[in-house]
Amino acid sequence: MVKHFTIDDDFNLIIKQFFPRAKNICQISTGWTNFVFKARIKKNWWIFRFPRNSFFSKVLLKEVKVCYTLQKEKLNVKLPKLKLLYYKNKPFSIHKMIKGVPLTECKLNDRQMTKIAKEICLFLKKINRVKLSIRLPLASTFLKDLSFVSGGDYNLQMHNRLKKMEKQKKVFSHGDLNPGNILIKGKKIVGILDFAFACRSTPINDLARLIERLPDCQRKLFLHEYERHFNQKINLEELSDLIAMWEYVEDRYIEYIKKKHPDIQLPKSVF
């Protein structure tokens with residue numbers, strides 16, 4: 001079992017031990033899978049992520065390898081350049097903060113959102129073609145493992161459609177391409193964060209995850225751009241099932257967070 005951090009760890013002390021000149025250390029309270037901190041080191045802000053349990057410690061080890069491999073690809077956005085460190089045999093990561101605002105916090109008109117949708121489709125087309133040298137789980141397998149972390153009476157049949165689709169075709173998938181992981185600057189995408197859920201999955205897994213978090217008025221726009229860029233019609237029944245699956249996954253994990261991690265600041269929209 002890979003070791004992990006707890007709320008009793010002195011994260012300021014840990015950061016100072018590795019970076020004595022770190023200043024303005026503060027916690028980012030929305031870290032769901034990790035204790036997340038930012039600190040200023042010299043002229044730059046850095047992000048520190050400390051896994052909350054052994055499952056996410058293993059996930060972090062995978063994510064570091066994924067991001068390192070993807071840095072070699074000619075992508076149209078910046079990715080975190082993760083560096084892996086250990087404190088008392090417990091893994092944590094650091095990376096220089098990418099300047100930008102999450103898509104969830106941006107007010108964009110239809111024309112601007114269409115441009116964002118085009119950039120996301122370009123990103124998806126490129127990562128779907130990536131051939132990673134590391135072995136990744138299927139999304140359905142990863143979500144099954146995640147369900148054991150969430151605990152409770154989890155309905156694994158919610159993954160059935162995804163499992164069936166993954167038998168037909170599998171590509172590299174970001175795994176958690178929700179608007180909070182998409183950074184915007186100057187009305188364009190500048191960065192994609194959080195590859196913790198990276199996996200092999202059906203090509204529309206990322207589309208379903210993204211649309212699941214978007215308001216209804218933007219869903220059709222993104223779907224239209226996806227079909228246009230990939231030159232294919234989406235099976236709306238399959239997409240609807242995957243959206244419902246992601247809603248279920250998120251709802252169950254939010255229940256788990258409320259019970260086990262009251263220190264996490266959940267978005268108001270989940271209450």
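## Buried rings

A residue is called buried here when its relative accessible area is under 20%. By that cut-off, Phe5 and Phe11 are both buried in this predicted model.

## Aromatic pairs

Let's start with the rings. A pair of aromatic rings is described by the distance of the centres and the angle of the planes. Searching the whole structure turns up 18 aromatic pairs. One of them joins Phe5 and Phe11: the ring centres are 6.0 Å apart and the planes meet at 45°, so this pair is tilted. Trp32 and Tyr253 form a pair whose centres are 6.4 Å apart, and with planes at 25° the two rings count as stacked. Trp32 belongs to the loop between β1 (23–28) and β2 (34–41), while Tyr253 sits in helix α8 (residues 236–260), so their pair ties together parts that are 221 residues apart in sequence. Tyr253 has a relative accessible area of 7%, so this residue is buried.

Phe5 and Phe11 turn up again in a cluster linked by ring pairs, together with Phe18, Phe35, Phe37, Phe50 and Phe92.

## Charges over rings

Two rings to look at next have a charged side-chain end over them. Phe35, a member of the cluster, has the charged end of Arg52 over its ring, 4.0 Å from the ring centre.

Which residues of helix α5 (residues 160–168) are buried? They are Leu162, Met165 and Glu166. These residues cover an arc of only 105° around the axis, which means that they lie on the same side of α5. On the face turned away from that buried side, you will find the exposed residues Lys167 and Gln168.

What do the buried residues of α5 pack against? Their partners are α4 (139–150), β10 (199–201), α6 (205–213) and α8.

## A three-stranded sheet

Finally, have a look at the open sheet of three strands, which pair in the antiparallel sense in the order β6-β8-β9. Its edges are formed by β6 (101–102) and β9 (188–192), each of which pairs on one side only. Between β6 and strand β8 (residues 182–185), the antiparallel pairing runs over two bridges. Here Val101 stands opposite Ile184 of β8.

A helix accompanies this sheet. Helix α3 (residues 110–128) lies across β8 and β9, and runs at about 40° to β9.

Notes: Residues numbered from 1 in each chain as written. Predicted model: local features only at pLDDT ≥ 70, side-chain atom pairs only at ≥ 80, totals over all residues. Heavy atoms only, no water. Phe/Tyr/Trp six-rings, centres within 6.5 Å; stacked < 30°, edge-to-face > 60°. Buried < 20%, exposed > 50% of the residue type's maximum accessible area, 1.4 Å probe, protein only. Helix = DSSP H or I, 4+ residues; strand = E, 2+ residues; numbered from the N terminus. Lys NZ or Arg CZ within 6 Å of the ring centre and 35° of its normal. Arc of directions from axis to C-beta. Contact = heavy atoms within 4.5 Å. Pairing = 2+ DSSP bridges. Axes fitted to C-alpha atoms, helices over the stretch in contact; angles between N-to-C directions.
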